[in-house]
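Please examine the sequence and the model shown here. The paragraphs that follow lead through some of its features in turn.

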Amino acid sequence: MTSVFDLAPGASPVPVVPVVVIDDAADAVPLARALVAGGLPLVEVTLRTPAALDAVRAIAAEVPDAVVGAGTVVSAAGVADAVGAGARFLVSPGWTERLLGAMRESGVPFLPGVSTTSEVVALLEQGVEEMKFFPAEAAGGIPYLKSLAGPLPQARFCPTGGVSLASAPGYLALPNVGCVGGTWMLPSDAVAARDWARVETLAREAAALRGPVGG
């Protein structure tokens with residue numbers, strides 16, 4: 001199965017996955033187009049609002065250069081709904097055996113969430129080497145992931161939760177980080193004002209962040 005870290009079109013991996021909360025499905029397409037224009041084609045739409053699945057459908061249908069995924073996937077039903085709407089990858093804040101099984105069976109790449117060493121080891125036992133580290137800053141941040149790289153070098157992470165433009169380069173410099181997830185390129189006032197030009201500018205700034213680790 002293709003890695004989430006390798007889903008971006010073109011030769012270069014994308015360092016940042018925007019984590020998008022959409023309240024109005026009408027905003028989905030222009031928002032996704034702004035992110036793609038800024039160099040961030042992977043778009044994680046979180047399943048936190050009633051508009052989320054419609055947003056995934058709209059982006060999948062109308063923004064061909066975007067790779068739309070679903071985040072905050074917490075149930076087997078959520079997996080089915082997201083993939084049915086057109087999600088091309090799945091992200092969860094945590095995992096259970098049932099959820100992991102549903103994500104495996106979905107046929108699309110996925111990042112189950114972890115925040116402890118035991119959870120990482122349990123996923124490695126299941127043959128899963130790519131994970132979301134969440135909530136990244138609250139769970140130990142860069143020092144924690146740096147500590148995991150020695151004993152568990154096969155695990156690779158997408159840290160999400162409190163990651164910012166300032167802290168992202170430190171994460172991306174780690175050998176066990178494939179990308180980071182963040183919201184800073186989607187400030188609430190810009191989204192509320194539908195200031196897509198500002199979103200594009202912030203996305204371009206985020207896309208310029210490159211760690212030494214390839215996809």
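Phe5 counts as buried because its relative accessibility is 4%, where buried means under 20% relative accessible area, exposed means over 50%, and partly exposed lies in between (1.4 Å probe, protein chains only). This is a predicted model, in which local features need pLDDT of at least 70, side-chain atom pairs count only at pLDDT 80 or more, and totals for chains, interfaces and linings use all residues. Residues are numbered from 1 along each chain as its sequence is written, and side-chain values use heavy atoms, with hydrogens and water left out.

Phe5 belongs to the segment before strand E1 (16-20); helices (H or I, at least four residues) and strands (E, at least two) are DSSP runs, numbered from the N terminus. Although Phe5 and Arg156 are 151 residues apart along the chain, their C-alpha atoms are separated by 9.5 Å.

Consider next helix H5 (residues 117-125), in which Val120, Leu123 and Leu124 are buried. Seen down the axis of H5, its buried residues fall within an arc of 100°, so they line one face of the helix; the arc is that of the directions from the helix axis to the C-beta atoms. On the other side of H5, Ser118 and Glu125 are exposed. The elements covering the buried residues of H5 include helix H4 (97-106), strand E7 (130-133) and helix H6 (141-149), contact meaning heavy atoms within 4.5 Å. After H5 comes Gly127, with a positive phi near 85°.

Elsewhere, Pro30, Leu31, Ala34, Leu35 and Ala37 in H1 meet Trp196, Val199, Glu200, Ala203 and Arg204 in H9.
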